[in-house]
Amino acid sequence: MENYTINSVEHLKESTMEICNPWPPTCGSPEKFENTTIIGTKRTIGSTIEYVCPDGYMLIGSKSRTCQPNGFWSGEPAMCKFVDCGPLPELENGAITLVNKRTTHGALADYACKENYTLLGDARRRCGDGGIWSGHQPQCLFDWCPEPPQINGGVVTTTGKRAGSTATYSCQNGFILFGDNVLTCDVGGEWSGKAPQCRFVDCGAPAQIEFGSVTLINGTTTVKSLAAYTCLEDYWLVGEAKQECTKEGKWSHDTPSCELITCEEPEVPAGSYVVGYDLNVHSGIEYHCEAGYLLQGETRHTCGRDGEWSGEVPTCEYVDCGKVLPVLNGAAEYVNGTTHLGSEITYSCTRNYRLNGVSRRYCLDNGQWSDATPKCEEIRCPEPIYAEHGILSVTGNDRMYGRTLIRTGTPENSNTGATSYKIGALAKYRCERGYKVVGEPLSTCEDNGKWSGEVPRCVYVDCGKPEHIQHGRYTLTSNATYYGAAALYECDGNFELDGFARRLCLENGTWSSDTPVCKEIRCKDPEKEGVLSTQVSTHSVGGVAHYSCPRGFYMEGNETRICLQNGSWSGSTPACFSVDCKHPEPIENGRVIVVNGSTTYGGTAEYHCLPQYERVGPFLRKCLDTGSWSGEEPKCEFMPNEVAEAQGVGTSVGIGAGVIIFILIILGLVYLRLRKATPVKNTENVQAAERKEDQNAAVMSYATLNDGTTNTMYENVPEDGLYDSPYSLSGSTYGYGTNMRRHYGRSGHYEAEPVSNRNGITINGVSVR
């Protein structure tokens, strides 16, 4: 009732306000649907209410509403709709718990897995507005992983073997890890990903460097190993001193080098210059001032190991000493033509004067010349010392101190002579006969006022008597054997001296040369030329050489020569000349042929008669060693008519046969064959002729018929039937045709016609058998 009263009063107030005011101060009760609950009791302007649904219902619409100034609630009232998501599917290896023991809207379902299983997915699901459970159905997966895989060259450490545990891989020294170094134990009992690999990496020994060394800090050359480079003293390292072996198998930096420490070019102040070999460490340089300058500061500087020059740079100041006074009988020469610091003056004296004092003076750093001015004094030599048994002569002195001194070195002759001698005077030492000079015999007055060399000595020398020689003798010219004596040698008759004929006694006490020898005089073998032969009785003096010539030769000159005392043969060498019979006289009605054209000893001459003439006498004659031809000279006598007629018949037959042969052989073949007749040695002709002579056979010589003289006796003789056959008129065995025709060549010499008898022997185209 009370509520109702209040509500009535409130309603009254509201109504009153509505009447009094244009806008109401509150909103009325909000609308609501079934199963909907309103939270909030205020109805004043600006108040908010909320709609709430019971469990299992879903709110449809705006959840809250506000009281507006116009007295109305904003929006529309919400409504509650019953929603059921239905039962959830079973969870394998797990369990589902409904928190509110329901499956309607807003219900919660918790998922849990059995032991050793892990939930994968949403652990709680809620029944949503659309009657659908939120999220997705989770899974219970096995969560115990086996031992992680092992890798070569590496180790693995694990935090466990359950899901979420990790396996961390690391490589041993010298190995590099390729891949993920951490694997995770995933639900399902498997490690995530793939096990990494440890690969061995070795950079190899680092490169050696000249003038330095490399040290392996950890004693290895594998990956992450360190190498340190150092240089020898006086060298500095150019490049990285430390190197690391990278996973690429290379050292981290380029190989450094050791370079010799050098300094920069030194500073050169004005008026100075620097002398040095190089700019290397420990090398020194010296500062010098130019001519006329004085150095102020340290002269020598050294290149240190820090690449800097030691000390401070010096300076140079100019110094001048000026000119000096001239010197009497001398001269002062400025070497460089200057008078500044370091300049030099050289003093010299005129000829025969000696300098008394320093010969050189120098400009000092105090501006003064060093030492005192020298003087020039004349140079003289004292009296030379004499030698016992010697003879001393001095030449070349001036008249100012006396004439030339000649004296013998004996106590009696001790005249001092001149007191001094000028430069160039010559003292000559000689010894008495039989003495030799030991030492230098000549001494000269030198420009130092002393005689050159040492005083020589005179020593007696005796060689003794020389050796006797066989077949000879010697003579002492001075009848003495001391130094300088001579011995003359000579030999007996028919002997000559081998060696020196004159020997001298030398200063070493021996006779010069070797002792000569007297050798018997002998002549060499006598000369001979050509066929000359000799026979010598003896080669001693008086021996006779007999010369002789072989048969067929005669000698011109002496047949004997005698061996003379000068070792040569008397006269001159004779000569052998061949015996020449001369060309035999020509014969009437015939011709003389000299075989081979030789008329010397052994040569032969053939005699031939004209046709119709017969030879009376020998066919051959030989040249004898007496120079005449053998036998009597033959003659050619006219033959009887009967023989001539018979010969005429044969000639006619021969002409006929020749014409037939000429036609058959086709002209020029006979001529060509005759031109190619083969010559033979002339001795064959001679032997054949002699053999035919014995057999009384008709044969002729086919040597040239030209005897070298102009003979025209055959020029007008006709060809037919004119040639005689002095031995035989029958047969063609000896090279004639049946008509006895002769054949003439172009030269005018007649030749025999060749025969075709192959069983015979042919000489010069003529068959002889």
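Mentor: A surface patch is built from residues with over 30% relative accessible area and no salt bridge, and nonpolar side chains are joined within 5 Å. Please keep in mind that the model is predicted.

Trainee: Which residues make the nonpolar surface patch?

Mentor: Phe 662, Ile 663, Ile 666 and Leu 667 make the patch, and its area is about 450 Å². Ile 663 has its place in helix H2, residues 641-664.

Trainee: Why is Ile 663 called exposed?

Mentor: The relative accessible area of Ile 663 is 60%, and the term exposed requires a value over 50%. Ile 663 is therefore exposed.

Trainee: Which residues gather in a patch of negative charge on the surface?

Mentor: That patch consists of Glu 264, Glu 265, Asp 306 and Glu 308. Asp and Glu count as negative, and like charges are joined within 9 Å.

Trainee: What makes Glu 265 count as exposed, and where is its place?

Mentor: Glu 265 is placed in the loop between strand S21 (257-260) and strand S22 (272-276). Its relative accessibility is 69%, so Glu 265 counts as exposed.

Trainee: Why does Ser 343 count as buried?

Mentor: Buried means under 20% relative accessible area. Ser 343 has 1% relative accessibility and therefore counts as buried. The residue is found in the loop between strand S27 (330-334) and strand S28 (344-349).

Trainee: With which side chain does the side chain of Ser 343 make a polar contact?

Mentor: The partner is the side chain of Thr 338, at 2.7 Å.

Trainee: How many salt bridges does the rule give?

Mentor: The count comes to 14 salt bridges. In general, side chains of opposite charge can pair when their charged atoms come close.

Trainee: How do you know that the side chains of Glu 467 and Arg 503 meet in a salt bridge?

Mentor: The N to O distance is 3.5 Å, and the rule asks for a separation within 4 Å. The pair of Glu 467 and Arg 503 therefore qualifies. Glu 467 lies in the loop between strand S39 (457-460) and strand S40 (472-476), and Arg 503 lies in strand S43 (residues 502-504), so the pair ties together parts that are 36 residues apart in sequence.

Trainee: Are these two residues buried, exposed or partly exposed, that is, what are Glu 467 and Arg 503?

Mentor: Glu 467 counts as partly exposed at 44% relative accessibility, whereas Arg 503 is buried because its relative accessible area is 4%.

Trainee: What makes the contact of Arg 473 with Asp 492 a salt bridge?

Mentor: Their side chains meet at 2.9 Å, N to O, and this value lies within 4 Å. The pair links distant parts of the chain, 19 residues apart: Arg 473 is in strand S40, and Asp 492 is in the loop between strand S41 (486-491) and strand S42 (495-498). Arg 473 is partly exposed at 41%, and Asp 492 counts as partly exposed at 31%.

Trainee: Which side chain meets that of Asp 625 in a salt bridge?

Mentor: It is the side chain of Arg 551, with an N to O distance of 3.1 Å. Asp 625 lies in the loop between strand S53 (620-622) and strand S54 (635-638) and Arg 551 in the loop between strand S46 (544-548) and strand S47 (553-556), so this pair ties together parts that are 74 residues apart in sequence. Asp 625 is partly exposed, with 34% relative accessible area, and Arg 551 is exposed, with 60%.

Trainee: Which residues are linked in a network of salt bridges?

Mentor: Glu 233, Asp 234 and Arg 305 are linked in such a network.

Trainee: What is stated about the phi of Asn 352?

Mentor: Asn 352 has a positive phi of about 70°, although it is not a glycine. Most residues other than glycine have a negative phi. Asn 352 lies in the loop between S28 and strand S29 (353-356).

Trainee: Where is the place of His 389?

Mentor: His 389 sits in the loop between strand S32 (380-381) and strand S33 (390-395). This residue also is not a glycine, and its phi is positive, about 60°. With a relative accessible area of 29%, His 389 is partly exposed.

Definitions and conventions
Residues numbered from 1 in each chain as written. Predicted model: local features only at pLDDT ≥ 70, side-chain atom pairs only at ≥ 80, totals over all residues. Heavy atoms only, no water. Areas by Shrake-Rupley, 256 points an atom, 1.4 Å probe, with all protein chains shown as cover. Charge placed at Lys NZ, Arg CZ, Asp CG, Glu CD. Helix = DSSP H or I, 4+ residues; strand = E, 2+ residues; numbered from the N terminus. Buried < 20%, exposed > 50% of the residue type's maximum accessible area, 1.4 Å probe, protein only. Polar contact = N/O pair within 3.5 Å; in protein donor to acceptor, adjacent residues only side chain to side chain.
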